[in-house]
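Me: I would like to learn how to read the features of a model like this one. Please give me the general idea each time, and then the case at hand.

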Amino acid sequence: GVGNFSDQLRGFSMTINSDTVAQLEVTLRTQAAPSLTSTANQLVESVRYPGGATAQQIALVMRALTACRLAGLVDHESHERLAAEGYLLHHLYRAFSEGHAEAAARCAFAYLQSIPDACGPNQYVGNSQAGHESLRELLRTPDRIAGALNEFVAIVSQDTGILGLARIMDSAPPEPTLLNAAFQVLVESDPAAQTPEFLTEHWRKIQENLKDIESDEVSDAFQAFVGRLRSLADVPPLIVAGSFEPEDATLYMAVLRASGNEALSNWCASGLRSLEAESWAGSLSNNGVLVSLLLKLKQRDQTLKMGTAYLDGLSSHAQSTVHSNDDHGIGDSLPELILLLGGGNRDLLTRRTYEALEGVGGEATQLFFALYGPLLTERDFLLTQPRFVYRICTPLLVQRNTPGLRWLSEVFRAQPDLLSQHSDQSAVADFRSRVRGALAAVDEDEENSDAIRAIADALSIEPEPEFENNSVEGTASTSDE
(Lines give C-alpha, C1' and ligand atoms only; values in the text may rest on other atoms or scores of the structure.)
Protein backbone atom coordinates (compact mmCIF):
# COMPACT_ATOMS: atom_id res chain seq x y z
CA GLY A 1 0.00 0.00 0.00
CA VAL A 2 0.91 3.67 -0.15
CA GLY A 3 1.81 3.67 3.54
CA ASN A 4 4.75 1.39 2.75
CA PHE A 5 5.67 3.15 -0.49
CA SER A 6 8.76 4.89 0.91
CA ASP A 7 10.09 1.55 2.10
CA GLN A 8 9.89 0.26 -1.46
CA LEU A 9 11.94 3.09 -2.89
CA ARG A 10 15.39 2.48 -1.45
CA GLY A 11 17.63 1.61 -4.38
CA PHE A 12 14.67 1.51 -6.77
CA SER A 13 13.21 -1.60 -5.13
CA MET A 14 11.84 -4.15 -7.54
CA THR A 15 8.54 -4.07 -5.64
CA ILE A 16 7.56 -0.70 -7.14
CA ASN A 17 4.87 -1.22 -9.72
CA SER A 18 2.34 0.80 -11.67
CA ASP A 19 -0.52 -0.09 -9.32
CA THR A 20 1.35 1.33 -6.35
CA VAL A 21 2.13 4.55 -8.20
CA ALA A 22 -1.47 4.83 -9.41
CA GLN A 23 -2.68 4.48 -5.80
CA LEU A 24 -0.23 7.19 -4.76
CA GLU A 25 -1.59 9.51 -7.44
CA VAL A 26 -5.13 8.97 -6.23
CA THR A 27 -4.19 9.65 -2.60
CA LEU A 28 -2.38 12.87 -3.61
CA ARG A 29 -5.69 14.20 -4.89
CA THR A 30 -7.33 13.77 -1.49
CA GLN A 31 -7.05 15.52 1.87
CA ALA A 32 -4.56 12.87 2.92
CA ALA A 33 -1.93 14.27 0.53
CA PRO A 34 0.08 16.15 3.21
CA SER A 35 0.70 12.88 5.02
CA LEU A 36 2.82 11.77 2.06
CA THR A 37 5.51 14.42 2.55
CA SER A 38 8.03 11.86 3.77
CA THR A 39 7.23 9.73 0.74
CA ALA A 40 7.93 12.71 -1.53
CA ASN A 41 11.26 13.31 0.20
CA GLN A 42 12.15 9.66 -0.23
CA LEU A 43 11.34 9.91 -3.94
CA VAL A 44 13.83 12.74 -4.27
CA GLU A 45 16.48 10.67 -2.48
CA SER A 46 15.70 7.66 -4.67
CA VAL A 47 16.46 9.68 -7.80
CA ARG A 48 19.74 10.70 -6.17
CA TYR A 49 20.65 7.02 -5.78
CA PRO A 50 22.95 6.15 -8.73
CA GLY A 51 22.35 2.41 -8.46
CA GLY A 52 21.46 0.04 -11.27
CA ALA A 53 17.76 0.77 -11.68
CA THR A 54 15.98 -0.52 -14.73
CA ALA A 55 14.35 1.93 -17.14
CA GLN A 56 10.90 0.73 -16.04
CA GLN A 57 11.76 1.50 -12.40
CA ILE A 58 13.04 4.91 -13.43
CA ALA A 59 9.79 5.64 -15.25
CA LEU A 60 7.71 4.69 -12.19
CA VAL A 61 9.74 6.74 -9.72
CA MET A 62 9.78 9.79 -12.02
CA ARG A 63 6.03 9.45 -12.48
CA ALA A 64 5.53 9.33 -8.70
CA LEU A 65 7.92 12.24 -8.21
CA THR A 66 5.98 14.33 -10.70
CA ALA A 67 2.72 13.60 -8.91
CA CYS A 68 4.21 14.69 -5.57
CA ARG A 69 5.67 17.84 -7.08
CA LEU A 70 2.34 18.82 -8.64
CA ALA A 71 0.71 18.24 -5.25
CA GLY A 72 3.17 20.69 -3.71
CA LEU A 73 5.16 18.14 -1.72
CA VAL A 74 8.46 18.65 -3.58
CA ASP A 75 9.95 22.13 -3.45
CA HIS A 76 11.40 23.83 -6.51
CA GLU A 77 14.97 23.84 -5.20
CA SER A 78 15.02 20.10 -4.53
CA HIS A 79 13.71 19.37 -8.00
CA GLU A 80 16.29 21.68 -9.61
CA ARG A 81 19.15 20.01 -7.77
CA LEU A 82 18.28 16.68 -9.38
CA ALA A 83 19.05 18.28 -12.72
CA ALA A 84 21.98 20.45 -11.67
CA GLU A 85 23.77 17.59 -9.93
CA GLY A 86 23.48 15.28 -12.93
CA TYR A 87 21.17 12.60 -11.50
CA LEU A 88 18.40 13.05 -14.07
CA LEU A 89 20.89 12.70 -16.91
CA HIS A 90 22.39 9.62 -15.27
CA HIS A 91 19.00 7.92 -15.35
CA LEU A 92 18.21 9.29 -18.80
CA TYR A 93 21.23 7.46 -20.16
CA ARG A 94 19.89 4.15 -18.84
CA ALA A 95 16.43 4.85 -20.28
CA PHE A 96 17.93 5.86 -23.61
CA SER A 97 20.13 2.77 -23.72
CA GLU A 98 17.14 0.50 -23.10
CA GLY A 99 14.97 2.42 -25.58
CA HIS A 100 12.35 3.05 -22.88
CA ALA A 101 10.17 5.87 -24.20
CA GLU A 102 8.38 6.85 -20.98
CA ALA A 103 11.49 6.87 -18.77
CA ALA A 104 13.47 8.86 -21.34
CA ALA A 105 10.66 11.37 -21.83
CA ARG A 106 10.12 11.85 -18.09
CA CYS A 107 13.82 12.39 -17.36
CA ALA A 108 14.21 14.72 -20.35
CA PHE A 109 11.21 16.89 -19.46
CA ALA A 110 12.17 17.09 -15.79
CA TYR A 111 15.69 18.15 -16.79
CA LEU A 112 14.46 20.79 -19.26
CA GLN A 113 12.14 22.26 -16.66
CA SER A 114 15.19 23.17 -14.61
CA ILE A 115 17.73 23.69 -17.42
CA PRO A 116 15.64 24.74 -20.45
CA ASP A 117 18.62 25.52 -22.67
CA ALA A 118 19.67 21.85 -22.40
CA CYS A 119 23.24 22.70 -21.41
CA GLY A 120 25.21 20.40 -19.15
CA PRO A 121 24.68 20.11 -15.37
CA ASN A 122 26.84 21.75 -12.72
CA GLN A 123 28.41 18.39 -11.97
CA TYR A 124 28.49 14.93 -13.50
CA VAL A 125 27.71 11.72 -11.65
CA GLY A 126 27.66 8.17 -12.93
CA ASN A 127 26.63 8.16 -16.57
CA SER A 128 25.35 11.75 -16.61
CA GLN A 129 27.86 12.94 -19.20
CA ALA A 130 26.70 10.22 -21.59
CA GLY A 131 23.16 11.07 -20.52
CA HIS A 132 23.65 14.63 -21.68
CA GLU A 133 24.57 13.35 -25.12
CA SER A 134 21.47 11.15 -25.00
CA LEU A 135 19.36 14.21 -24.19
CA ARG A 136 20.74 16.13 -27.17
CA GLU A 137 20.15 13.15 -29.42
CA LEU A 138 16.58 12.75 -28.17
CA LEU A 139 15.89 16.44 -28.78
CA ARG A 140 17.25 16.28 -32.32
CA THR A 141 15.72 12.95 -33.35
CA PRO A 142 12.78 11.94 -31.16
CA ASP A 143 12.12 8.90 -33.36
CA ARG A 144 15.43 7.52 -32.07
CA ILE A 145 13.19 5.87 -29.42
CA ALA A 146 9.88 4.55 -30.68
CA GLY A 147 6.99 6.29 -28.97
CA ALA A 148 9.15 8.92 -27.26
CA LEU A 149 7.28 11.83 -28.83
CA ASN A 150 3.87 10.53 -27.76
CA GLU A 151 5.12 9.92 -24.23
CA PHE A 152 6.69 13.38 -24.08
CA VAL A 153 3.46 15.03 -25.27
CA ALA A 154 1.40 13.12 -22.70
CA ILE A 155 3.80 14.02 -19.87
CA VAL A 156 3.87 17.71 -20.80
CA SER A 157 0.11 17.77 -21.14
CA GLN A 158 -0.38 16.29 -17.65
CA ASP A 159 2.25 18.59 -16.14
CA THR A 160 2.70 22.20 -17.24
CA GLY A 161 0.89 21.93 -20.54
CA ILE A 162 1.86 24.07 -23.49
CA LEU A 163 2.66 27.05 -21.25
CA GLY A 164 5.60 25.23 -19.68
CA LEU A 165 6.73 23.88 -23.03
CA ALA A 166 6.71 27.40 -24.50
CA ARG A 167 8.87 28.62 -21.63
CA ILE A 168 11.40 25.87 -22.34
CA MET A 169 11.39 26.69 -26.04
CA ASP A 170 12.22 30.32 -25.27
CA SER A 171 15.63 29.15 -24.04
CA ALA A 172 16.15 25.95 -26.01
CA PRO A 173 18.65 25.81 -28.89
CA PRO A 174 17.13 26.07 -32.39
CA GLU A 175 17.60 22.37 -33.20
CA PRO A 176 15.24 20.52 -30.80
CA THR A 177 12.81 18.78 -33.10
CA LEU A 178 11.23 16.99 -30.12
CA LEU A 179 10.04 20.29 -28.65
CA ASN A 180 8.76 21.57 -31.97
CA ALA A 181 6.89 18.34 -32.67
CA ALA A 182 5.32 18.38 -29.21
CA PHE A 183 4.32 22.02 -29.64
CA GLN A 184 2.62 21.21 -32.94
CA VAL A 185 0.43 18.66 -31.16
CA LEU A 186 -0.33 20.71 -28.06
CA VAL A 187 -1.10 23.95 -29.88
CA GLU A 188 -4.10 22.19 -31.37
CA SER A 189 -5.16 20.22 -28.30
CA ASP A 190 -4.27 22.24 -25.19
CA PRO A 191 -7.04 24.71 -24.20
CA ALA A 192 -4.37 27.11 -22.94
CA ALA A 193 -3.27 27.63 -26.54
CA GLN A 194 -6.70 29.07 -27.32
CA THR A 195 -6.38 32.07 -25.04
CA PRO A 196 -5.71 35.62 -26.32
CA GLU A 197 -2.73 35.89 -23.99
CA PHE A 198 -1.04 32.79 -25.39
CA LEU A 199 -1.58 33.95 -28.98
CA THR A 200 -0.19 37.43 -28.43
CA GLU A 201 2.83 36.17 -26.48
CA HIS A 202 3.71 33.09 -28.52
CA TRP A 203 2.40 33.79 -32.02
CA ARG A 204 5.84 33.35 -33.57
CA LYS A 205 6.16 29.82 -32.18
CA ILE A 206 2.65 29.03 -33.38
CA GLN A 207 3.37 30.29 -36.87
CA GLU A 208 6.78 28.63 -37.17
CA ASN A 209 5.58 25.27 -35.90
CA LEU A 210 2.30 25.11 -37.76
CA LYS A 211 4.09 25.61 -41.05
CA ASP A 212 7.65 26.32 -42.12
CA ILE A 213 7.75 29.73 -43.75
CA GLU A 214 10.36 31.54 -45.82
CA SER A 215 9.08 35.09 -45.37
CA ASP A 216 7.33 37.36 -42.93
CA GLU A 217 4.03 36.98 -44.73
CA VAL A 218 1.14 35.39 -42.86
CA SER A 219 1.11 31.65 -43.54
CA ASP A 220 -2.16 29.92 -44.40
CA ALA A 221 -1.83 27.55 -41.45
CA PHE A 222 -1.30 30.36 -38.96
CA GLN A 223 -4.15 32.38 -40.45
CA ALA A 224 -6.45 29.36 -40.12
CA PHE A 225 -5.40 28.88 -36.50
CA VAL A 226 -6.24 32.49 -35.65
CA GLY A 227 -9.52 32.24 -37.53
CA ARG A 228 -10.78 29.28 -35.49
CA LEU A 229 -9.65 30.71 -32.15
CA ARG A 230 -12.59 30.42 -29.75
CA SER A 231 -11.60 33.62 -27.99
CA LEU A 232 -10.92 35.62 -31.18
CA ALA A 233 -13.21 38.48 -30.15
CA ASP A 234 -11.04 39.09 -27.08
CA VAL A 235 -7.79 39.38 -29.03
CA PRO A 236 -8.16 42.86 -30.63
CA PRO A 237 -8.88 44.61 -27.27
CA LEU A 238 -5.78 42.95 -25.80
CA ILE A 239 -3.63 44.10 -28.73
CA VAL A 240 -4.85 47.71 -28.83
CA ALA A 241 -4.28 48.03 -25.08
CA GLY A 242 -0.54 47.84 -25.79
CA SER A 243 1.89 49.72 -28.00
CA PHE A 244 2.33 49.13 -31.71
CA GLU A 245 5.40 46.96 -32.35
CA PRO A 246 6.55 46.63 -35.98
CA GLU A 247 7.93 43.14 -35.33
CA ASP A 248 4.42 41.98 -34.39
CA ALA A 249 2.86 43.12 -37.67
CA THR A 250 2.29 39.51 -38.76
CA LEU A 251 0.09 38.99 -35.70
CA TYR A 252 -1.83 42.20 -36.36
CA MET A 253 -2.40 41.21 -39.96
CA ALA A 254 -3.70 37.74 -39.07
CA VAL A 255 -6.06 39.01 -36.37
CA LEU A 256 -7.32 41.84 -38.58
CA ARG A 257 -8.04 39.43 -41.42
CA ALA A 258 -9.84 37.03 -39.12
CA SER A 259 -11.82 39.54 -37.06
CA GLY A 260 -12.26 42.60 -39.27
CA ASN A 261 -12.17 44.61 -36.04
CA GLU A 262 -12.52 48.33 -36.75
CA ALA A 263 -10.76 49.45 -33.57
CA LEU A 264 -7.78 47.24 -34.43
CA SER A 265 -7.74 48.64 -37.98
CA ASN A 266 -7.63 52.23 -36.73
CA TRP A 267 -5.01 51.33 -34.14
CA CYS A 268 -2.80 49.71 -36.79
CA ALA A 269 -3.14 52.76 -39.06
CA SER A 270 -2.06 55.02 -36.24
CA GLY A 271 0.85 52.71 -35.44
CA LEU A 272 2.04 52.63 -39.04
CA ARG A 273 1.97 56.43 -39.19
CA SER A 274 4.19 56.52 -36.11
CA LEU A 275 6.99 54.45 -37.64
CA GLU A 276 10.38 55.93 -38.50
CA ALA A 277 11.63 56.20 -42.07
CA GLU A 278 14.17 53.41 -41.46
CA SER A 279 11.40 50.94 -40.72
CA TRP A 280 9.63 51.79 -43.96
CA ALA A 281 12.81 51.68 -46.02
CA GLY A 282 13.61 48.20 -44.69
CA SER A 283 10.10 46.85 -45.19
CA LEU A 284 9.87 48.27 -48.71
CA SER A 285 13.23 46.75 -49.64
CA ASN A 286 12.14 43.32 -48.41
CA ASN A 287 8.45 43.54 -49.31
CA GLY A 288 7.91 43.00 -45.60
CA VAL A 289 4.75 42.42 -43.64
CA LEU A 290 4.47 46.13 -42.80
CA VAL A 291 3.80 46.72 -46.48
CA SER A 292 1.19 43.96 -46.53
CA LEU A 293 -0.49 45.38 -43.44
CA LEU A 294 -0.56 48.85 -44.98
CA LEU A 295 -2.14 47.57 -48.18
CA LYS A 296 -4.70 45.65 -46.14
CA LEU A 297 -5.63 48.86 -44.33
CA LYS A 298 -5.86 50.70 -47.63
CA GLN A 299 -8.41 48.15 -48.84
CA ARG A 300 -10.52 48.94 -45.79
CA ASP A 301 -10.08 52.72 -46.00
CA GLN A 302 -9.50 54.28 -49.41
CA THR A 303 -8.93 57.71 -47.80
CA LEU A 304 -5.92 56.48 -45.81
CA LYS A 305 -2.88 58.73 -46.24
CA MET A 306 0.62 58.40 -44.80
CA GLY A 307 2.99 61.08 -43.53
CA THR A 308 6.54 62.30 -43.97
CA ALA A 309 8.31 59.27 -42.43
CA TYR A 310 6.60 57.06 -45.00
CA LEU A 311 7.63 59.53 -47.71
CA ASP A 312 11.22 59.35 -46.49
CA GLY A 313 11.09 55.55 -46.53
CA LEU A 314 9.81 55.49 -50.11
CA SER A 315 12.49 57.99 -51.09
CA SER A 316 15.21 55.81 -49.55
CA HIS A 317 13.83 52.81 -51.40
CA ALA A 318 13.87 54.69 -54.70
CA GLN A 319 17.45 55.79 -54.11
CA SER A 320 18.53 52.24 -53.30
CA THR A 321 17.02 50.86 -56.51
CA VAL A 322 19.04 53.32 -58.58
CA HIS A 323 22.11 51.29 -57.66
CA SER A 324 20.72 47.79 -57.06
CA ASN A 325 18.66 45.32 -59.08
CA ASP A 326 17.69 43.31 -55.99
CA ASP A 327 13.94 42.92 -56.39
CA HIS A 328 11.90 41.40 -53.58
CA GLY A 329 8.54 41.54 -55.30
CA ILE A 330 7.27 44.98 -54.33
CA GLY A 331 6.86 46.14 -57.93
CA ASP A 332 3.22 45.19 -58.38
CA SER A 333 2.25 47.03 -55.20
CA LEU A 334 4.26 50.21 -55.70
CA PRO A 335 1.57 52.24 -57.53
CA GLU A 336 -0.84 51.62 -54.65
CA LEU A 337 1.85 52.47 -52.12
CA ILE A 338 2.57 55.77 -53.86
CA LEU A 339 -1.14 56.61 -53.83
CA LEU A 340 -0.99 56.54 -50.03
CA LEU A 341 0.97 59.80 -50.21
CA GLY A 342 -0.91 63.06 -50.16
CA GLY A 343 -0.54 65.37 -53.16
CA GLY A 344 2.29 67.46 -51.74
CA ASN A 345 4.24 64.42 -50.53
CA ARG A 346 3.78 62.70 -53.87
CA ASP A 347 5.35 65.71 -55.58
CA LEU A 348 8.25 65.53 -53.12
CA LEU A 349 8.76 61.84 -53.89
CA THR A 350 8.83 62.64 -57.61
CA ARG A 351 11.45 65.33 -57.06
CA ARG A 352 13.65 63.17 -54.83
CA THR A 353 13.41 60.23 -57.21
CA TYR A 354 14.34 62.48 -60.11
CA GLU A 355 17.34 63.81 -58.19
CA ALA A 356 18.48 60.25 -57.51
CA LEU A 357 18.38 59.50 -61.23
CA GLU A 358 20.11 62.75 -62.08
CA GLY A 359 22.98 61.90 -59.76
CA VAL A 360 24.11 58.57 -61.23
CA GLY A 361 25.39 59.68 -64.63
CA GLY A 362 23.15 57.45 -66.70
CA GLU A 363 23.93 54.25 -64.78
CA ALA A 364 20.57 53.65 -63.13
CA THR A 365 19.38 50.04 -62.90
CA GLN A 366 16.64 48.26 -64.78
CA LEU A 367 14.76 47.86 -61.49
CA PHE A 368 14.71 51.62 -60.95
CA PHE A 369 13.08 52.29 -64.30
CA ALA A 370 10.63 49.42 -63.84
CA LEU A 371 9.50 50.69 -60.44
CA TYR A 372 9.96 54.43 -60.47
CA GLY A 373 10.21 55.29 -64.17
CA PRO A 374 6.43 55.86 -64.48
CA LEU A 375 6.64 58.44 -61.69
CA LEU A 376 9.02 60.57 -63.79
CA THR A 377 6.97 60.99 -66.98
CA GLU A 378 4.75 63.97 -66.18
CA ARG A 379 5.20 66.68 -68.79
CA ASP A 380 4.88 69.69 -66.51
CA PHE A 381 7.43 68.28 -64.10
CA LEU A 382 10.02 67.45 -66.77
CA LEU A 383 9.68 70.88 -68.37
CA THR A 384 10.57 72.51 -65.07
CA GLN A 385 13.82 70.53 -64.78
CA PRO A 386 16.50 72.63 -66.52
CA ARG A 387 19.08 69.83 -66.48
CA PHE A 388 16.78 67.06 -67.73
CA VAL A 389 18.46 66.82 -71.12
CA TYR A 390 22.16 67.02 -70.31
CA ARG A 391 22.04 65.29 -66.90
CA ILE A 392 19.60 62.48 -67.76
CA CYS A 393 18.90 62.09 -71.48
CA THR A 394 22.47 62.49 -72.70
CA PRO A 395 24.14 60.30 -70.02
CA LEU A 396 21.63 57.49 -70.65
CA LEU A 397 22.52 57.61 -74.34
CA VAL A 398 26.28 57.82 -73.72
CA GLN A 399 26.14 54.85 -71.32
CA ARG A 400 23.91 52.92 -73.74
CA ASN A 401 21.67 52.19 -70.74
CA THR A 402 19.07 49.99 -72.39
CA PRO A 403 16.36 50.19 -69.68
CA GLY A 404 16.91 53.94 -69.48
CA LEU A 405 16.73 54.37 -73.24
CA ARG A 406 13.51 52.38 -73.37
CA TRP A 407 12.08 54.63 -70.65
CA LEU A 408 13.12 57.71 -72.66
CA SER A 409 11.53 56.32 -75.80
CA GLU A 410 8.23 55.92 -73.94
CA VAL A 411 8.46 59.45 -72.59
CA PHE A 412 9.13 60.91 -76.05
CA ARG A 413 6.58 58.70 -77.77
CA ALA A 414 3.89 60.02 -75.42
CA GLN A 415 5.19 63.61 -75.69
CA PRO A 416 7.00 64.05 -79.01
CA ASP A 417 7.22 67.84 -78.60
CA LEU A 418 8.69 67.69 -75.08
CA LEU A 419 12.24 68.63 -76.10
CA SER A 420 11.09 71.42 -78.39
CA GLN A 421 9.46 73.06 -75.38
CA HIS A 422 12.44 72.58 -73.09
CA SER A 423 14.33 75.65 -71.86
CA ASP A 424 17.85 74.41 -72.63
CA GLN A 425 17.80 74.20 -76.43
CA SER A 426 21.58 73.98 -76.71
CA ALA A 427 21.47 70.74 -74.69
CA VAL A 428 18.54 69.58 -76.83
CA ALA A 429 20.54 70.21 -80.03
CA ASP A 430 23.48 68.29 -78.63
CA PHE A 431 21.26 65.36 -77.62
CA ARG A 432 19.58 65.21 -81.02
CA SER A 433 22.98 65.21 -82.69
CA ARG A 434 24.13 62.36 -80.47
CA VAL A 435 20.97 60.38 -81.26
CA ARG A 436 21.57 60.93 -84.97
CA GLY A 437 25.13 59.67 -84.63
CA ALA A 438 24.08 56.67 -82.55
CA LEU A 439 21.39 55.85 -85.08
CA ALA A 440 23.89 55.77 -87.91
CA ALA A 441 26.31 53.59 -85.99
CA VAL A 442 23.76 51.27 -84.40
CA ASP A 443 24.57 47.57 -84.48
CA GLU A 444 21.67 45.28 -85.22
CA ASP A 445 22.94 42.90 -82.57
CA GLU A 446 23.00 45.54 -79.81
CA GLU A 447 20.19 45.12 -77.33
CA ASN A 448 19.66 48.89 -77.20
CA SER A 449 19.26 49.31 -80.97
CA ASP A 450 15.46 49.17 -80.85
CA ALA A 451 15.35 51.74 -78.05
CA ILE A 452 17.60 54.14 -79.97
CA ARG A 453 15.43 53.81 -83.09
CA ALA A 454 12.30 54.36 -81.00
CA ILE A 455 13.77 57.59 -79.59
CA ALA A 456 14.72 58.74 -83.08
CA ASP A 457 11.26 57.95 -84.44
CA ALA A 458 9.55 59.77 -81.59
CA LEU A 459 11.75 62.85 -82.10
CA SER A 460 11.66 62.65 -85.94
CA ILE A 461 15.42 62.33 -86.14
CA GLU A 462 16.82 60.97 -89.39
CA PRO A 463 20.18 59.19 -89.57
CA GLU A 464 23.17 61.14 -90.87
CA PRO A 465 23.48 61.01 -94.68
CA GLU A 466 26.15 58.74 -96.11
CA PHE A 467 29.09 60.45 -97.82
CA GLU A 468 31.49 59.15 -100.43
CA ASN A 469 34.44 58.77 -98.12
CA ASN A 470 36.94 58.05 -100.91
CA SER A 471 36.12 61.27 -102.78
CA VAL A 472 36.40 63.36 -99.66
CA GLU A 473 39.73 61.81 -98.71
CA GLY A 474 41.07 62.29 -102.24
CA THR A 475 40.14 65.98 -102.35
CA ALA A 476 41.75 66.51 -98.96
CA SER A 477 44.98 64.92 -100.28
CA THR A 478 45.09 67.17 -103.40
CA SER A 479 44.52 70.25 -101.35
CA ASP A 480 47.38 69.38 -99.03
CA GLU A 481 49.68 68.97 -101.90
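Me: Which residues is His90 in contact with, leaving aside its neighbours within four places in sequence?

Reply: Contact means heavy atoms within 4.5 Å. With those sequence neighbours left aside, His90 is in contact with Pro50, Gly51, Val125, Gly126, Asn127 and Ser128. A word on the source: this is a predicted model, in which local features need pLDDT of at least 70, side-chain atom pairs count only at pLDDT 80 or more, and totals for chains, interfaces and linings use all residues. Residues are numbered from 1 along each chain as its sequence is written, and side-chain values use heavy atoms, with hydrogens and water left out.

Me: Is His90 buried or exposed?

Reply: Buried means under 20% relative accessible area, exposed means over 50%, and partly exposed is in between (1.4 Å probe, protein chains only). The relative accessible area of His90 is 9%, so His90 is buried. His90 is found in helix α5. Helices here are DSSP runs (H or I, at least four residues), as are strands (E, at least two), and both are numbered from the N terminus.

Me: Which residues of helix α4 are buried, and what do they pack against?

Reply: Helix α4 covers residues 76–84, and its buried residues are Ser78, His79, Leu82, Ala83 and Ala84. Those residues pack against α2 (37–47), α3 (55–70), α5 (87–98) and α6 (101–114).

Me: Which residue caps the N-terminal end of α4, and which residue just after α4 takes a positive phi?

Reply: The cap is Asp75, with a side-chain oxygen 3.1 Å from the backbone nitrogen of Glu77. Just after α4, Gly86 has a positive phi of about 90°. The loop between α4 and α5 also holds Glu85. Glu85 counts as buried because its relative accessibility is 18%. Apart from neighbours within four places in sequence, Glu85 is in contact with Arg48, Gln123 and Val125.

Me: How far apart are Glu85 and Gln399 in space?

Reply: From C-alpha to C-alpha they are 72 Å apart, and 314 residues separate Glu85 from Gln399 in sequence.

Me: What is the phi of Arg400?

Reply: Most residues other than glycine have a negative phi. Arg400 is not a glycine, yet its phi is positive, at about 50°. Arg400 sits in the loop between α23 (388–398) and α24 (402–414), and is partly exposed at 33% relative accessible area. Ser460 likewise has a positive phi, near 55°. Its place is in the loop between α26 (449–458) and α27 (469–480), and with a relative accessible area of 57% Ser460 is exposed.

Me: At what angle do the axes of α2 and α3 cross?

Reply: Two packed helices are described by the angle between their axes and the distance between the axes. Axes are lines fitted to C-alpha atoms, for helices over the stretch in contact, and angles run from 0 to 180 degrees between N-to-C directions. The axes of α2 and α3 cross at roughly 140° and come within 10 Å. That makes α2 oblique to α3; angles under 35 degrees count as roughly parallel, over 145 as roughly antiparallel, 65 to 115 as roughly perpendicular and the rest as oblique. The contact is made by Ala40, Leu43, Val44, Ser46 and Val47 of α2 with Val61, Met62, Ala64, Leu65 and Cys68 of α3.

Me: At what angle do α7 and α10 pack?

Reply: Helix α7 (residues 128–140) packs on α10 at about 45°, with the axes 5 Å apart. The two are therefore oblique to each other. Leu138, Leu139 and Arg140 of α7 make the contact with Thr177, Leu178 and Leu179 of α10.

Me: Where do α11 and α12 meet?

Reply: In α11 the residues are Leu199, Trp203, Ile206, Gln207 and Leu210, and they meet Ala221, Phe222, Phe225 and Val226 in α12. The axes of helix α11 (residues 196–210) and helix α12 (residues 220–227) come within 8 Å and cross at roughly 135°. That makes α11 oblique to α12.

Me: How many disulfides does the count come to?

Reply: A disulfide is counted when a pair of cysteine sulfur atoms lies within 2.5 Å. The count comes to zero. In the case of Cys107, the closest cysteine sulfur is in Cys68, 16 Å away, which is too far for a bond. Cys107 is buried at 1% relative accessibility, and Cys393 is buried with a relative accessible area of 0%.

Note on methods. A polar contact is a pair of N or O atoms within 3.5 Å; within protein, one must be able to donate a hydrogen and the other to accept it, and residues adjacent in sequence count only if both atoms are side-chain atoms.
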